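We will go from stop to stop, selecting as we go.

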Amino acid sequence: MSLPGYVIACSVYAVLGICTAWVFRSSRTIREHSWCQFSALLMSFLAAIPALVVSSRELYMEFHLGFQGFLFLASALCHVPVWIYIVVFHSSRLAGTFTGSRFAGRPSEEFSPIKEWKLVEEHLRQLAKNPLDARRRESLADSYLRLGTLDSAISEYRKAADSLDSGPEQARLLYRAAYVCVERRMSVKKALPLLRRLVRLYPRSYYAAYARRILNRYEAYEAAGLLNSGGTDWWDGGGDPPA
């Protein structure tokens, strides 16, 4: 006795949802890539059409109707984790854009310096086993940032970016390194390679727009001869260029 068509269609729909959720869980680069998120949503909704069509065309006894609805709902629930992740991901990024919390980190009162240094030691132990763990290295950079060791934080953000293939996650990490270097370290000169790299690799991104703004201002001051000639150029500890 063969299975009804709606059972097969809903089963395929459910398996597709489980596979998509597994891929998102396994790869941070994929789950945070905008096109991958869009493709997952599109595939999820398009895959629901065959299950709905098959279920509506097949006529069974009345008890089958309730089971058809239940089976389709259960299959759709397999896609819910991906939908929730995408909604939460963009909600948190949007909130970070308006509140500036992206670089604020956790409140300093929650972490004493001793606990933070212990966290740094744990990150370093794990990175000794897997130096290419970008997420762990970013967490290490966050810890350095909260501790105020800005040069170490910048270095770790940059290493985290270098451990990834090209993509939005790499662009974000390069931006974090450049942002901390410019806005916290007050060193445009040291950030120049990062800013130029962002413009070269991701010319249409928000990160490149930020990099161009800083580069244009720096180059304008440099062309006008307003930068200090000594070892502390503009935003390198010497304040604004002299008028």
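Start by selecting E116, V120, H123 and L127, which are buried in helix α6 (buried means under 20% relative accessible area with a 1.4 Å probe and protein chains only, exposed over 50%, partly exposed in between). They share one side of α6 because they cover an arc of only 65 degrees around the axis, taken from the directions from the helix axis to the C-beta atoms. An α-helix has 3.6 residues a turn, so residues three or four places apart point the same way.

A note before moving on: this is a predicted model, where local features need pLDDT of at least 70 and side-chain atom pairs count only at pLDDT 80 or more, while totals for chains, interfaces and linings use all residues. Residues are numbered from 1 along each chain as its sequence is written, and side-chain values use heavy atoms, leaving out hydrogens and water.

Next, show α7 (134-147): the buried residues of α6 pack against it, with contact meaning heavy atoms within 4.5 Å. Now turn to the face of α6 directed away from its buried side, and you will find the exposed residues I114, K115, K118, A128 and K129.

For the last stop, select G17, T20, A40, S44, H79, V82 and W83, the lining of the largest cavity. Which helices each supply at least two residues of this lining? They are α1 (5-26), α3 (34-57) and α5 (80-99). The lining divides into three nonpolar residues, four polar and no charged.

Methods. Helix = DSSP H or I, 4+ residues; strand = E, 2+ residues; numbered from the N terminus. 1 Å grid on protein atoms, 1.4 Å probe; cavity = no way out; pocket = protein on both sides within 12 Å on 5 of 7 lines; lining within 4 Å. Nonpolar A, V, L, I, M, F, W, Y, C, P; charged D, E, K, R; others polar.
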